[in-house]
Amino acid sequence: METVLQSRTRSVTIGPEHPFVIIGERINPTGRKQLTEELLRGDMETVRADAIAQVGAGADVLDLNVGAVGADEVRLLPDVVTAVQDVVDAPLCIDSPKHDALEAALKACDGKPLVNSVTGEDHSLDRILPKVREHGAAVIGLAHGDAGISMNPPDRLDAARRIVERADELGISAEDVIIDPLVMSVGADPQAADIALETMRLVRQELGANLVCGLSNVSHGLPGRADLSSAFLAMAIQAGLTCAIANPQSPQVMRMARTAEVLAGRDPYAKRWIRAYREEMGRSGGD
């Protein structure tokens, strides 16, 4: 199964037979005081710099989130879309829980973006999926329903199936629904990683859908986050993960993504690995 995202000039294909896709997470005001202040006054300097830096570091798609306290997302999110599209050609992932902000941002998007996200809850399906269909977008489906987040992988599979089925009823193809199995912190629940990995395996086996996760969630609240996140990434790629919302400016995460896709047979003859290795050696002055 292939999910194709597009910008004005570029396409990115997500799928198990394609290279692993990194969705850059940095354009997000959470925990970033300077970015929050800039967004609230409509200053796009850091947004543009982050977009350029992430694409330069290897991001294939950029996630755009403006959920700062006091932010008018309906006004601000389209402005961020425009600012990013002015400086990079990566497809976009529009990230907001507010359907009116999504609507405004989707109108400003060139190409075919990804919407982050819809849940299996009726109110979310009814509000978000029609917007996805109207704008010809793809969508991330969070694997939980009206009963909330279950710690039972088959329940998460049921929620994912419900999203795929409701999308199909509206004319959104299964290829355009990417399932998020819900990665939670192992610092809060020691079984969180295992539950997410088992959900990935079930979704791949039963639905064949592409899979995405917020990679940094697994290490939230713990030291050595890049080490934990990159180790989990290798396990998740083996379980069927096809893309991740992650920090492309983390050398550990990017190195692990490239390593894991070689070992999973998704980088034939290690061409991407060799190219990335040579580029890294060139930057460091190594032989």
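**Entry 1: charges and overall form**

I began with the charges and found that the mean positions of the 29 positive and 42 negative charges of the protein lie 4 Å apart. For this I counted Lys and Arg as positive and Asp and Glu as negative, leaving out His and the chain ends, and I took the place of a charge as NZ of Lys, CZ of Arg, CG of Asp or CD of Glu.

I note that this is a predicted model, in which local features need pLDDT of at least 70 and side-chain atom pairs count only at pLDDT 80 or more, whereas totals for chains, interfaces and linings use all residues. Residues are numbered from 1 along each chain as its sequence is written, and side-chain values use heavy atoms, with hydrogens and water left out.

I looked up the secondary structure next and recorded 10 helices and 10 strands, where helices (H or I, at least four residues) and strands (E, at least two) are DSSP runs numbered from the N terminus. The radius of gyration is 18 Å, close to the 19 Å that the globule rule gives for 287 residues, so the protein is as compact as a globular protein of that length. That radius is taken over C-alpha atoms, and the rule is 2.2 Å times the number of residues to the power 0.38. Along its principal axes, the C-alpha trace spans about 55 × 45 × 35 Å.

**Entry 2: burial, contacts and surface**

I found that buried residues make up 52% of the 287 residues; buried means under 20% relative accessible area, exposed over 50%, and partly exposed in between, with a 1.4 Å probe and protein chains only.

S1 runs antiparallel to strand S2 (residues 11–14) and is joined to it by four bridges, where two strands pair if DSSP finds at least two bridges between them. Val 4 has Thr 13 as its bridge partner in S2, and the two strands form a hairpin with four residues between them.

**Entry 3: strand S3 and its neighbours**

I then turned to strand S3 (residues 21–27), which is largely enclosed by the rest of the structure because five of its seven residues are buried. S3 pairs in the parallel sense with strand S10 (residues 243–246) over four bridges, and also in the parallel sense with strand S4 (residues 61–64) over three bridges. Ile 23 has Ile 245 as its bridge partner in S10 and Val 61 as its bridge partner in S4.

In the loop between S4 and H3 I looked up Asn 65, which counts as buried at 15% relative accessibility. Leaving aside residues up to four places away in sequence, Asn 65 touches Ile 27, Asn 28, Pro 29 and Asp 95. The C-alpha atoms of Asn 65 and Pro 97 are separated by 9.8 Å, with the two residues 32 apart along the chain.

**Entry 4: helix H4**

For helix H4 (residues 99–108) I listed Ala 101, Leu 102, Glu 103, Ala 104, Ala 105 and Leu 106 as the buried residues. They pack against helix H3 (73–87), strand S5 (92–95), S6 and helix H5 (122–135).

**Entry 5: backbone geometry**

I noted that the peptide bond from Asn 116 to Ser 117 is cis, with omega near 20 degrees, and that Ser 117 is found in strand S6 (residues 114–119).

Leu 182, a residue other than glycine, has a positive phi near 75 degrees, and I placed Leu 182 in the loop between strand S8 (177–180) and helix H7 (192–206). Leu 182 counts as buried at 10% relative accessibility, and, not counting residues up to four places away in sequence, it touches Leu 142, Ala 143, His 144, Ile 149, Arg 156 and Ala 196.

Tyr 269 also is not a glycine and has a positive phi, of about 60 degrees. I found Tyr 269 in the loop between helix H9 (251–263) and helix H10 (271–284), where it is exposed, with a relative accessible area of 75%.

Key:
Contact means heavy atoms within 4.5 Å.
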